[in-house]
Amino acid sequence: MSTHTPAHTPAPADMKSVLSGFCTGVAVITARGSDGRPVGMAVQSFSSVSLDPPLVCFCPARTSTTWPAIRAAGAFAVNVLAADQLELSRRFAVTGGDKFAGVPWRAGAAGAPLLDGALATVECVLEDVLDGGDHAIALGRVTAAAVHRDGAPLLYFRRAYGRVPDSGAEAEVGVEAGAGASASMSASMAAARSRSEA
């Protein structure tokens, strides 16, 4: 066991700045609310935990207004977004509004929405919720998993969206869905993340 004591604890702003340098994928966590309506939130914190038993996790902010509905549902789906689903990510990254308006989806085995066009979906029952400071750590036991199409994933790096480059090309960061890059993308993403739930 280490006896090293850090000189100080990094400030939240410093943590955010440093950890924004870790590139992540983007997923939308969905569930069926107690009133039968679909709920969902975009996350960067989705991760595989164990293959046997099959476990995954994601970390919703304690301030999230969607997380309590997902927790109460007891089951959720992870929708892994493709590079061409940037606008879908932006829709689910903010609080409020009808996030599912005009979004095609079908119900999974436990009722959680499976979004059309996702690269893959993972259906889970909520196994446990652990304390994660200003976030919760939601542990899900996988009940079904499927790959739906080939394609590049949607990425998030240094507060901007990006995508895996084509073979031999430089990485693209801050890329809009569809064609070309937008100079305002980083600014709009920063604004969206300021209202984000996870």
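Strands are DSSP runs of E with at least two residues, helices are DSSP runs of H or I with at least four residues, and both are numbered from the N terminus. Two strands pair if DSSP finds at least two bridges between them. The structure is a predicted model, in which local features need pLDDT of at least 70, side-chain atom pairs count only at pLDDT 80 or more, and totals for chains, interfaces and linings use all residues. Residues are numbered from 1 along each chain as its sequence is written, and side-chain values use heavy atoms, with hydrogens and water left out.

A hairpin links β4 to β5 through 2 residues. These strands pair in the antiparallel sense, with 4 bridges between β4 and β5 (residues 54-58). Within this pair, S47 lies opposite C57 of β5.

Both strands belong to an open sheet of 7 strands. Its order is β3-β2-β6-β9-β10-β5-β4, and the pairing is antiparallel. At the edges are β3 (38-43) and β4 (47-51), each of which pairs on one side only. From one strand to the next, the twist averages 35 degrees; axes are lines fitted to C-alpha atoms, for helices over the stretch in contact, and angles run from 0 to 180 degrees between N-to-C directions.

Elsewhere in the sheet, β2 (residues 27-32) runs antiparallel to β6 (residues 75-80). The two are joined by 4 bridges. I29 faces V78 in β6.

Helix α3 (residues 86-92) contains S89. S89 has a relative accessible area of 1% and is therefore buried (under 20%; exposed is over 50%, partly exposed in between; 1.4 Å probe, protein chains only). Beyond its neighbours within four places in sequence, S89 contacts V26, A42, L81, L154 and Y161 (heavy atoms within 4.5 Å).
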